Amino acid sequence: DLKGTGDILDKYIADEPVSKDFDKETFVKKLFNNKATGADIAALAEDARNAALEREHIIEKMDNGSYVPEDMAKLTIKNEDFDEDLDDELEDFEDE
């Protein structure tokens with residue numbers, strides 16, 4: 001159900017730096033309407049975090065030695081990070 005989908009998402013993003021502007025309600029509806037499983041939601045949460053790390057060039061900084069802990073303190077996972085990965089996953093759902 002819709003509430004259960006939201007609860008599962010909450011579990012996977014509880015310790016993540018999610019933006020205050022994240023439209024969780026709309027994202028949960030998209031997950032539910034596309035019959036996302038718990039595993040799908042876990043993967044989407046991880047992918048969104050990785051997208052945020054890339055968007056903020058944190059991985060690049062780690063690779064070239066310019067990373068400082070303050071970089072991670074500034075990190076927020078935004079709607080665009082979740083939506084980008086959901087769009088990718090939905091294409092994968094359709095291919096199955």
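Biologist: What does the protein average for pLDDT?

Modeller: The average pLDDT is 91, and 93% of the residues score at least 70. As a rule, where pLDDT is low, the predicted coordinates should not be read in detail.

Biologist: OK. How many helices and strands are there?

Modeller: The protein has 6 helices and 0 strands. Going along the sequence, the pattern reads α-α-α-α-α-α. The C-alpha trace spans about 45 × 30 × 20 Å along its principal axes.

Biologist: And what share of the residues counts as buried?

Modeller: Of the 96 residues, 30% count as buried. As for contacts between residues at least 6 apart in sequence, 67% of them join residues at least 24 apart.

Biologist: Let's go inside, then. Which residues of the largest nonpolar core touch the most other members?

Modeller: Those are Leu9, Ile13, Phe22, Phe27, Leu31 and Phe82, out of 18 residues in that core. Helix 1 (2-13), helix 2, helix 3 (38-55) and helix 6 (79-95) are the elements that give two or more residues to this core.

Biologist: Which helix gives the largest share?

Modeller: Helix 3 does, with 6 residues.

Biologist: How many aromatic pairs does the structure hold?

Modeller: It holds 3 aromatic pairs. In general, such a pair is described by the distance of the centres and the angle of the planes.

Biologist: Where does the charged end of Lys11 sit?

Modeller: Over the ring of Tyr12, with the charged end of Lys11 4.9 Å from the ring centre.

Biologist: Switching to helix 2. Which of its residues are buried?

Modeller: In helix 2, which runs over residues 24-33, Phe27, Val28 and Leu31 are buried. They're on the same side of the helix because they cover an arc of only 100 degrees around the axis. Glu25 and Asn33 are exposed on the other side of helix 2.

Biologist: Why does Asn33 count as exposed?

Modeller: Because its relative accessible area is 55%, and the cut-off for exposed is over 50%. Asn33 is in helix 2, and its C-alpha is separated by 13 Å from that of Glu89, which is 56 residues apart along the chain.

Biologist: What follows helix 2?

Modeller: Lys35 does, and its phi is positive, near 55 degrees. Lys35 has that positive phi although it is not a glycine. You'll find Lys35 in the loop between helix 2 and helix 3.

Biologist: Is Lys35 buried or exposed?

Modeller: Lys35 is exposed, with a relative accessible area of 68%.

Biologist: What about His57, what is its phi?

Modeller: Phi of His57 is near 60 degrees, so that's a positive value in a residue other than glycine. His57 is in the loop between helix 3 and helix 4 (58-64). It counts as partly exposed, with a relative accessible area of 45%.

Biologist: Last one: Thr5. Where is it found?

Modeller: Thr5 is in helix 1.

Biologist: Buried or exposed? I mean Thr5 again.

Modeller: Thr5 is buried, since its relative accessible area is 8%, and buried means under 20%.

Technical notes
Residues are numbered from 1 along each chain as its sequence is written. This is a predicted model: local features need pLDDT of at least 70, side-chain atom pairs count only at pLDDT 80 or more; totals for chains, interfaces and linings use all residues. Side-chain values use heavy atoms; hydrogens and water are left out. Rings of Phe, Tyr and Trp (its six-membered ring) pair if their centres lie within 6.5 Å; planes under 30 degrees apart count as stacked, over 60 as edge-to-face and the rest as tilted. A charge sits over a ring if NZ of Lys or CZ of Arg is within 6 Å of the ring centre and within 35 degrees of the ring normal. Buried means under 20% relative accessible area, exposed over 50%, partly exposed in between (1.4 Å probe, protein chains only). Helices (H or I, at least four residues) and strands (E, at least two) are DSSP runs, numbered from the N terminus. The arc is that of the directions from the helix axis to the C-beta atoms. A nonpolar core is a set of buried Ala, Val, Leu, Ile, Met, Phe, Trp, Tyr and Cys residues joined through side-chain atoms within 4.5 Å. pLDDT is the predictor's confidence in each residue, from 0 to 100. Contact means heavy atoms within 4.5 Å.
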